[in-house]
Amino acid sequence: MANRLVFPDAALPASTEAIRTRVRAFLEAELANGTFTPRADTWLSGHDPSFSRKLGAEGFLGLTYPKQYGGQERSALDRFVVVEELLAYGAPIAAHWIAERQSGPTIIKHGNDALREELVPGIVRGETYFSIGMSEPDSGSDLASIRSTARRVDGGWVINGTKVWTSQAHNNQYFIVLVRSTPAAEANGRHNGMSQFVLDLRSPGVQIRPIRLLSGHHHFNEVVMTDVFVPEYMMLGVEGNGWAQVIGELAYERSGPERILSTYPLLAALVDAVGPTPSSEASAEIATLFGRMTALRRLCISVALSLDAGRSPVTEAALVKDLGTQLEGEIPEVARRLVPPGVSERFDQLLGDSILSAPGFTLRGGTNEILRGIVARELGVR
Amino acid sequence: MSTVDPLLIETIESMFGDLCEPEKVGAAEGGLDAVLWNALTESGMSTVGLAESIGGSGGTLHDAAAIAKAAGRHCAPVPLTELSIVGGWVCEQAGLQLPEGPMAVVIGEGARTYWAPVATAFVVVTDAGVAVVSSADVILGESGRNYAGEPWAKVTVSAASLVAGPSVAAVHGRGALARSLLMAGALSHAADLSVQYCNEREQFGKPIGKFQVLQQYLSQMAGEAAAAQAAADNAVDVLAAGADQDEAMRVVAAAKTVTGRAVGIINKLAHQIHGAIGYTDEHRLQYTTRRLWSWRDEHGAEAEWAAALGASLAAAGGRALWPAITKWPPAAVR
């Protein structure tokens, strides 16, 4: 058979039920206290340090990290369950999101002991926040064309260049930058000569400028780095190996429940907005979204199980992200067809947030067109 | 246990691979392929998943589902799932022995009974109970074929002694499960054929798979096929874990809705990729796509199942939605 994509069985271990019960009870209590109001797309937009610290104190962050750095060494599936509950409840989780999802694991994998001890416990406590420093003004889908540079100096490196679409850089303390440590002309191939560094966004020489979205919201930034000094110990992994390190992160970045659930709070609100006895057409539209969500969640779990088993389901993750982000965008389209404006303030707000953030769903983390190219290659198109 | 023995898959793949060549599939239209039916019966493959106590081969619903998906993938021109997933299950639930021969399931009065013209055994399902009868006890009325040439007829039952068994609604759901599984298999086959064609067919001096727009189509098809398969697999997992009637209805409704929806997307793209040759009767793609167009309408189209599922979700309210989503697939007990 031509199809080489593999989605093995997808049952979460029964052991995850305990933490699901605990996080759900926590979220219900917080909702009842009015700590947060459910919103859409909260992993990008809901920056709330006090909520993140609360999650840290409850032991919901860094579940998979080594105990040595404050983690609990639990399975990635326990984390999957915690994360999907937070997303489904529309809780404000943007502050710690990138740090906990990928910066922490990257530092644990590629950082040296000093760096791990300095930064990882703060991530687990929900106090230390990271942004992503990959894209540049002229490098989006073609990431290998980045031009930011690192030049070796006494005791470390000096970094120059500009990063864009840097979510929450104005609120976070660090980002991990991918830069050229060997000029492109001297590197042996365009994927060589790149390195990753942890860069303190409060360093001298860092300028952070807002890039406002069409919604008027300020999540993204342009980060200009002018002769920014980074001490040697903040380099991640091996000099020149940055590309491989970045690619290794992608399966984690692309397959998570955040790629199907960004507008879930709107779907739940839609069910209430149409009332207990909607028309059969409205029922059918809602059920179609529900059916697709349950199917895609199964694929998501399957990818999480593969990752947990030590495989690298990069293509499967790309496929799930393509499908999931399309579903995220269709939820507001259906919602607006079924419910006129003005029925409920909460519904209107969730709908507005979802409509205005929808263009980003199929762009961030690799455009769907790029992802489909990856899938097609794996399907065996020559 | 949800793991299916790889040997079972290998055996059934090889049987279908040998006996479902496109010419045979085409020649069987209007009836069934007797050679394939006999092979499935003699090997016991047609009753995998049914209890040995009623004359089945034993095994699990997961085993039967794997065989059903393979049947869909290979366009097997036999009423396999009428026995293995639908009628045989009714017999099992009612404690009736499995009859010999091709089976059709008469669900309520006046409905189309799929495969009735070639069946020798009929499982009759009514609001008052169920029965197994032979062709001598039924009268075939209006008849026809689906788009793929699979026959149906309306059936009047002249004599039957009813025993307690599954409800009309439950058996209708079982039929929807069977079609979902067949579609899951056939959808992945349509996607696979399209990949193959993109590598073989050359235009402008290169394989058409070099064109990005076709790569995008192939990826979309793989995605929709994977989602359809996941929806069908969810249904199998939930039913195998012993769902109650409402939960069974919901998960089957989701499976039929998602697989049926995928047919519209995948068939369109598969034919677009295959160009004019793909919609001639000499190309084998049509055996798959005509079945898919038929199966999505049988045992309830998406509109019917989605409306029922949506009504159930709306009645339960928004707060019950997330717990409903996270119930599937059931957690694995370790």
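Student: Is K54(A) buried, exposed or partly exposed?
Tutor: This is a predicted model. In it, K54(A) is partly exposed, because 15 other C-beta atoms lie within 10 Å; a buried residue would need 20 or more, and an exposed one 12 or fewer.

Student: Which helix does K54(A) lie in?
Tutor: Helix α3 of chain A, residues 49-57.

Student: And how far apart are K54(A) and L178(A) in space?
Tutor: 31 Å, C-alpha to C-alpha. In sequence, they are 124 residues apart.

Student: New topic. How do α7(B) and α8(B) cross?
Tutor: Helix α7 of chain B covers residues 212-240, and α8 of chain B covers 245-274. Their axes come within 9 Å and cross at roughly 160°. The two helices are therefore roughly antiparallel to each other.

Student: Left-handed or right-handed crossing?
Tutor: Left-handed. By class, the contact of α7(B) with α8(B) has 23 nonpolar, 4 polar and 2 charged residues.

Student: What about the two chains? How many residues of chain B are in contact with chain A?
Tutor: 50 residues of chain B, in contact with 53 of chain A.

Student: Which element gives the largest share on the chain B side?
Tutor: α7(B), with 14 residues. That side divides into 30 nonpolar, 15 polar and 5 charged residues.

Student: Last one: which residues touch the most other members of the largest nonpolar core?
Tutor: F197(A), V123(B), L187(B) and A227(B), out of 223 residues in that core.

Student: What is L187(B) in contact with, leaving aside neighbours within four places in sequence?
Tutor: Its contacts include A225(B), A228(B), T259(B) and L292(B).

Note on methods: Residues are numbered from 1 along each chain as its sequence is written. Chains are lettered from A and ligands numbered from 1 in the order in which they are written. This is a predicted model: local features need pLDDT of at least 70, side-chain atom pairs count only at pLDDT 80 or more; totals for chains, interfaces and linings use all residues. Axes are lines fitted to C-alpha atoms, for helices over the stretch in contact, and angles run from 0 to 180 degrees between N-to-C directions. Helices (H or I, at least four residues) and strands (E, at least two) are DSSP runs, numbered from the N terminus. Angles under 35 degrees count as roughly parallel, over 145 as roughly antiparallel, 65 to 115 as roughly perpendicular and the rest as oblique. A crossing is left-handed if the near helix is turned anticlockwise from the far one by less than a right angle, and right-handed if clockwise. Ala, Val, Leu, Ile, Met, Phe, Trp, Tyr, Cys and Pro count as nonpolar, Asp, Glu, Lys and Arg as charged, and the others, Gly among them, as polar. A nonpolar core is a set of buried Ala, Val, Leu, Ile, Met, Phe, Trp, Tyr and Cys residues joined through C-beta atoms within 7 Å. Two residues are in contact if their C-beta atoms, placed from the backbone, lie within 7 Å.
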